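Please look over the sequence and the structure shown here.

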Amino acid sequence: MGNTADFSQFRKQSKKGILVIYANLLYKALKTSWLVLLLVAQRFSKIQENHFTYIYLGIAVLLVFFLIRAFLIYKNFQFKIAKEHFVLKQGILKKSNTSIPFDRIQNINFKQNIIQQIINVHEVNVETAGSTKAEISIKALSFKDAKALKNAVTISQKKENKVEEIISEKPFLKINFPALLKVSLTENHFHSLLLLFAVLITFFQQITDLFDGLGKKEVLDNYISENTSALQSSVILIVGLLILLTVIAVLSSVVRVVFKHFNLTVYIKNNALEIYQGLTTKKTVILKKNKIQHITISTNPIKKILGISFITFKQAISGKVKKKQLDKIIRIVGCKANQVNQIKELLDFSAQIDAIPFQKSNIYLKYRNYIRSLLFFVPLNILFYFGMEDYNAFWVNAIIIPVYIIVTHFFYKKRVFKCTEDIMVIGSGILETHQTYLPFYKVQNIKLKQTIFQERKGVADLVFQTASGKLKLPCISIEKAMHIYNYTLFKVESSTKSWM
Amino acid sequence: MTNLFDNNIVITFPDITKIDFVSISKKYLNVILLNITIYFVIFICSLFIVTTYYLQDEMMGFKYYLYAGITILFGFFYVVYAIGFKKRKYAVREKDVSYKSGILFKQTTSVPFNRVQHIEIDQGPFSRFFKLASLSVYTAGDSSDDLKIKGILKEDAIKIKEFISTKIDG
């Protein structure tokens with residue numbers, strides 16, 4: 001492995017990196033200004049002929065400016081490896097110099113978006129465990145260099161560890177396209193729809209903000225109210241809309257799953273999971289066994305019939321960087337029962353855990369949900385009483401109350417837990433069934449919460465704080481809660497294993 | 001199925017219910033009450049400004065209800081904080097530190113020393129006057145939910161910090 005020599009001097013990324021940075025800058029610029037551009041485009045006919053030259057000139061200047069900027073970013077972005085440290089110099093005017101010791105490097109991941117795929121370079125992301133330093137992303141490296149960089153870092157990390165095990169070339173899990181379709185069709189489409197709505201709402205807000213700024217809010221309001229009154233008048237339209245929504249929901253699930261998990265391949269190597277997936281943005285993630293804090297095995301009724309489930313891995317995250325958290329949640333889909341078992345085995349979850357029956361939460365959990373729901377239903381009905389001209393609105397109750405009762409029933413039924421000597425398993429879900437496996441020694445701190453009402457009923461909530469977020473065990477009897485509280489502390493304090 | 005951990009009954013692990021919690025410094029009640037009073041004064045002043053300059057005449061009678069409402073609300077805060085103050089307790093054991101508080105919403109938090117990332121001591125202006133400090137113990141992950149003991153004597157805080165520091169290094 002003479003490749004380490006390559007990184008001993010400061011070096012730049014691949015020249016193709018200029019293109020990647022350029023595309024990235026343009027994309028960002030477009031993303032922030034697309035609405036303004038749209039408005040300008042609308043008035044295109046009103047612009048006088050002789051002004052066109054200025055516009056074109058302006059665009060050309062901007063494009064050149066971004067190109068120069070991209071070149072400067074490229075030129076000033078230099079990195080090397082020295083004395084077990086990864087050293088990075090960057091910045092055009094504000095120079096910065098970052099140095100990361102190897103033992104703080106959590107992972108080195110490869111990524112390829114569509115441009116990087118076309119010009120055949122890899123983006124290399126260096127994940128660190130520290131909370132103060134930002135994470136490093138090298139936009140373009142040839143595959144050879146990327147691999148060499150990774151080796152340079154990981155090999156010296158491994159010196160202290162064991163010798164590498166023989167790599168098995170047969171993938172542990174490979175999802176082909178038909179199987180992926182099966183997965184996507186059985187997704188929770190409600191969830192997909194909600195995600196889609198979230199995206200649409202942000203778009204809508206962007207639009208209203210802009211119209212607000214231009215003093216044209218009334219135009220938009222009129223437009224919307226015209227359309228909504230038309231909507232109210234036609235029942236057929238509503239039914240049509242519902243069908244449309246269903247189709248959109250299913251389609252968005254399919255698109256989301258296919259884009260994210262296309263050609264999902266998982267290998268098990270040296271106590272780590274190597275995951276490759278993605279259509280437009282290919283991602284390579286290496287999950288080290290000891291970096292995983294807890295995992296969740298999820299399924300839903302239809303997936304259960306097909307015998308597949310998906311597994312969500314949570315890695316340690318640094319405290320303040322909220323945005324990065326999503327990156328650290330890694331999901332693999334379409335796992336068969338034996339693959340789930342293999343993963344449990346890899347993470348040293350003893351097989352006996354499945355033999356132990358789950359324990360229910362206290363029934364108070366159900367009552368609490370009903371009581372809390374009153375906070376919603378009572379004001380809603382008061383609103384109906386005073387706000388509506390006729391009493392037809394009350395029929396809404398006939399739909400939402402039974403739905404709510406069913407939802408609460410499943411919510412309570414699936415809120416279960418069990419503990420073995422080393423692991424706590426927490427079940428949750430409404431439509432889906434999630435089972436979260438948390439080894440006790442991964443707990444950072446533990447909290448026991450009790451409201452005055454819970455105290456009277458002799459129940460309490462337990463909150464486990466881990467390096468990748470909180471896990472809650474609501475409404476279990478105080479004796480059990482105390483028992484688990486003490487036991488967790490005992491387990492953590494007597495554990496010699498590192499949580500990371 | 002209450003006996004979840006049959007194997008471990010032989011090992012006597014420390015029971016959180018059996019340890020003696022220590023109350024925080026009584027002087028800290030003054031700090032709390034001062035803080036509430038400042039909020040109270042701010043609220044009343046802004047209400048006074050709003051009612052004198054912006055309210056129309058026909059709504060004048062309404063303002064007394066507002067004053068009464070705010071006074072009752074803050075009276076409630078005074079009572080709750082004064083009673084709840086007695087419940088603020090902490091305990092430092094061989095291997096962990098715990099803090100509990102609350103009357104309406106009780107909670108107990110424990111942090112094992114071998115999970116502590118760093119410890120901070122800070123003092124607000126009032127606390128400095130009463131020679132008090134608050135001790136924050138941070139662990140990995142989301143730091144908002146870590147343990148914070150407010151209102152202990154500064155020298156106690158330093159002592160605890162040193163104690164935990166030696167435990168971490170050792």
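What volume does the largest cavity have? The largest cavity has a volume of about 30 Å³.

## Basis

This is a predicted model, in which local features need pLDDT of at least 70 and side-chain atom pairs count only at pLDDT 80 or more, while totals for chains, interfaces and linings use all residues. Residues are numbered from 1 along each chain as its sequence is written, chains are lettered from A in the order in which they are written, and side-chain values use heavy atoms, without hydrogens and water.

## The cavity

A cavity is a set of points on a 1 Å grid over the protein atoms alone where a 1.4 Å probe fits but cannot get out, and lining residues have an atom within 4 Å of a point. The count comes to one cavity of 30 Å³ or more.

Its lining consists of Asn445(A), Lys447(A), Val463(A), Phe464(A), Gln465(A), Lys470(A) and Asp145(B). Strand S19 (459-466) of chain A and strand S18 (443-451) of chain A each supply at least two lining residues; the largest share, three residues, comes from S19(A). Strands are DSSP runs (E, at least two residues), as are helices (H or I, at least four), numbered from the N terminus.

## Chain B

Chain B has four helices and seven strands, in the order β-α-α-β-β-β-β-α-β-β-α along the sequence. Of its 170 residues, 36% count as buried, that is, under 20% relative accessible area (1.4 Å probe, protein chains only).

Terms used: Buried means under 20% relative accessible area, exposed over 50%, partly exposed in between (1.4 Å probe, protein chains only). On a 1 Å grid over the protein atoms alone, a cavity is a set of points where a 1.4 Å probe fits but cannot get out, and a pocket is an open set with protein on both sides within 12 Å along at least five of seven lines; lining residues have an atom within 4 Å of a point. Grid points are joined across faces, edges and corners, and a volume is the space filled by probe spheres set on the points.
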